[in-house]
Amino acid sequence: MVLEKKNLLSIKDLKKEEIQYVLELAESFREVSTRDIKKIPTLRGRTIVNLFIEPSTRTRTSFELAAKRLSADVVNISAKGSSLVKGESLKDTAKTIEALGADAVIIRHSSAGAAIFFAENVKCKVINAGDGAHEHPTQALLDLYTIKEKLGRINDLNVGIIGDIAHSRVARSNISVLNKMGAKVTLIAPPTLIPVKIEAMGAEVAYDFDRVIGKFDVIYMLRIQTERQNESLFPSIREYAKLFGLNLERLKKAKKDVLIMHPGPMNRGIEISSEVADIPQTVAAEQVTNGLGIRMAVLYLLLGGGAVGEVAV
Amino acid sequence: MEKLLFKGGRIIDPANGIDKILDISVESGKIAAVGEDLGSAGFKVIDVKDKVLTPGLVDMHVHLREPGREDEETIESGCRAAAVGGFTAIACMPNTNPVNDDSSVTEMIIDKSKAANLITVYPVAAITKGLEGKELSEMGELLQAGAVAFSDDGKCVENDRVMRRALEYSRMFNVSLISHSESGELSAGGQINEGYYSTILGLKGVPSAAEEIAIARDIVLAELTGARIHFTHVSTRGSVRMIEDAKKRGLQVTCDVTPHHLTLTDEALIEYDTNCKVNPPLRTKDDVEALHKALAEGVIDAIASDHAPHALHEKEVEFSAASFGMIGLETTLPLMLTKIVGNGILSLTQLIEKFTIAPARVLNINKGTLSIGSDADIIVIDTKAKVKVDTDNFLSKSKNSPFNGWELNGAADCVVAGGKIIVEDRKLVNLNPMRNV
């Protein structure tokens, strides 16, 4: 299968069948990571640039490992070490990277729409690894993969996303993809952290976590950025943790086998208590592992193509 | 100066309530006669059968960028762009560098515009020194130097006391203060209209309330002081509702709207087109409908382009880093003929009023009329002309228009300013062959 769109800039770029295919492919790639020699030659000779203008550890490392396991050459560029700090425009960065012969660029940027802008300025493939509060499509794919692996399906599941929806690209990509795959999404946060008209994206909104927690098959906790408190978006971390944090007490009201997810990095004691973070139902670490397979699949599809059977694993 | 006689055109002159097939003659830079079958002896006769003749258009909100950003626009290039757009009088905003808060800047603008020898430029001077919202600029002196109104456009005079004093002080001159209405606290960091599109695009929104709170305050202060206030680039349903109410109560309140707020919604931002990043932001379909209604009912007095030139490198960047603003001098008339008259929102006569006598009254200038003896500023509109917007052909030094490629109907074929033909067949006539422009 060849993806219809050349780039992965938004999760909306992928059709339902394409998403299913990425998940299948990730499954077959995951096996590679369990080998002693964790490498296949699929993308040998290809150059992939990890352009991380906003700091990130897990996503950058995940993409880097994914590319390396496919035998691609990987170059990491971060804001600190690049000419962007010397005032170079993103357009010129794009032109420069293109001139160096990159086959794909993975971009993380603090400005919404930056990946789209970057893609307009290069001919090579572009993968959005998070642009401001807009999208983080590979995160949505790895979350989908994790849910499917753990619960066997996506369709008809009730998913609660709790936290700073307003500033979350993870929430936006997940609402989109979960809807597309037939799940029902409820967003829970104080109104100051819920962006206007989010319901139109296909999500319900609730403010009382305790009242709705019982219906969820999946509880997805978002990181609360402590600096938001200074913007008066909520009165205190203490009150936030009390009303919206997931602790053992609150978890009693949830379905017994509810799946607990977190994109990381966690703030233990704020959105999730340390006890809850460490129970087996909480699959944050597995999400990270699955991310590797998903990113291998995405890189393979954008740079290689071909059916799963053709993959030289 | 050549004597001109335009024969057989449809004359639309809202100032005098004329909409009729008539001849019009020009002598010594003034309108000499308007009537049937005027004698042609000694005149250069221009056949304008099937064309519409109106007063030269007035754009009361333009950024000429000179002094300070001559790479984006100069007084001369702005005048050229205005002329081919059908505008024979423009008012330029004071947010230049240095700010037009000093009579020397006002005089420089007027001198340079006279040297350009095309159209009339009316400087709008700053309400407060340096647009800082603290101390009043020397209004009396600025008016003597040629300023016609005051504005801190680009910024709101946030301090209630300062705005009150500015309105009060301006009363003795009977001039309009032009309010850029925006609560900076509510709009801080905002990129586009707060709504569905800001949410799905992950961009910080500017709520309608940011504009409406500022308008509400200024209406209250206009009532307190009895001064004249003009709200520029109104963009929301709530704004026009409050302005309608203020007008009904007899306050000296006027307002204008931009062509882009009448024709585009925030949906235009779906691909993060930085040319659609403007302040106030493009609003919702519901707001646009309210603006159309307010325009038709006369709540909105004028249409003004808010021509805001920006260098390419200020727009070819990630969205949050892009400057606010779009240019409009060369698209406004065709756009409004097509989308506002063409779609039946205004009659042609009503549209011409919003571009001529209405803004002229707000600015207290003797323009926008074909009255005998007034300046011979006339445009000949071919309402059937097919126009494909091409920013490469713009005379403006900047290209930041989202309308590039749009196919529109109607344009100014011929423009006469002060009795001289400055545009013919939609092209600028070279009046200054010795000058390298």
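1. The model is a predicted one. The contact involves 37 residues of domain 1 of chain B and 46 residues of domain 2 of chain B.

2. How much area do domain 1 and domain 2 of chain B bury between them? The value is about 3300 Å², with 68% of it on carbon and sulfur atoms. On the side of domain 1 of chain B, the residues that lose the most area to domain 2 are B:K397, B:N400 and B:F403. Together these three make up 19% of what that side buries.

3. The polar side of this contact can be counted as well. Between domain 1 and domain 2 of chain B there are zero salt bridges. The count of residue pairs in polar contact between these two domains of chain B is 15, with both residues at pLDDT 80 or more.

4. Which strands build the side of domain 1 of chain B that touches domain 2 of chain B? At least two residues each come from β1 (4-13), β16 (378-388), β17 (407-417) and β18 (420-424) of chain B. β17(B) gives the most to this side, with eight residues. Sorted by class, the side of domain 1 of chain B that touches domain 2 of chain B has 22 nonpolar, eight polar and seven charged residues.

5. Chain A is also divided into domains: domain 1 covers 11-136 and 288-310, and domain 2 covers 137-287. The centres of domain 1 of chain A and domain 2 of chain A are separated by 25 Å, taken over C-alpha atoms. From domain 1 of chain A, 33 residues take part in the contact, and from domain 2 of chain A, 29 residues do. The two domains of chain A bury about 2600 Å² between them, and carbon and sulfur atoms carry 59% of it.

6. How many salt bridges are counted between domain 1 of chain A and domain 2 of chain A? There are two salt bridges. A salt bridge also joins the side chains of A:E149 and A:R30, at 2.5 Å from N to O. Residue pairs in polar contact between domain 1 of chain A and domain 2 of chain A number 24, both residues being at pLDDT 80 or more.

7. On the side of domain 1 of chain A that touches domain 2 of chain A, at least two residues each are supplied by α1 (16-30), α2 (58-69), β3 (104-109), β4 (125-131) and α11 (284-303) of chain A. With eight residues, α1(A) gives the most to that side. The classes on this side of domain 1 of chain A are twelve nonpolar, ten polar and eleven charged residues.

8. Over all chains, the structure holds eight aromatic pairs. One of them is A:F29 with A:Y300, an edge-to-face pair with 5.6 Å from centre to centre and 65° between the planes. This pair links distant parts of the chain, as A:F29 lies in helix α1 of chain A and A:Y300 in helix α11 of chain A, 271 residues apart.

9. The two chains touch each other too: 20 residues of chain A are in contact with 15 residues of chain B. The area buried between chain A and chain B is about 1400 Å², and 60% of it comes from carbon and sulfur atoms. Which residues of chain A lose the most area to chain B? They are A:A112, A:F117 and A:V196, together 28% of what that side buries.

10. One salt bridge is counted between chain A and chain B. B:E316 and A:K91 form a salt bridge in which the closest N and O atoms are 2.7 Å apart. Across the interface of chain A and chain B, five residue pairs are in polar contact, both residues at pLDDT 80 or more.

11. On the side of chain A that touches chain B, α3 (90-99) and α4 (114-120) of chain A each supply at least two residues. The largest share, four residues, comes from α4(A). By class, this side of chain A has eleven nonpolar, four polar and five charged residues.

Notes: Residues numbered from 1 in each chain as written. Chains lettered and ligands numbered in written order. Predicted model: local features only at pLDDT ≥ 70, side-chain atom pairs only at ≥ 80, totals over all residues. Heavy atoms only, no water. Domains from an automatic or database assignment. Contact = heavy atoms within 4.5 Å. Buried area = accessible area lost by both parts, 1.4 Å probe. Salt bridge = Lys/Arg side-chain N within 4 Å of Asp/Glu carboxyl O. Polar contact = N/O pair within 3.5 Å; in protein donor to acceptor, adjacent residues only side chain to side chain. Nonpolar A, V, L, I, M, F, W, Y, C, P; charged D, E, K, R; others polar. Phe/Tyr/Trp six-rings, centres within 6.5 Å; stacked < 30°, edge-to-face > 60°.
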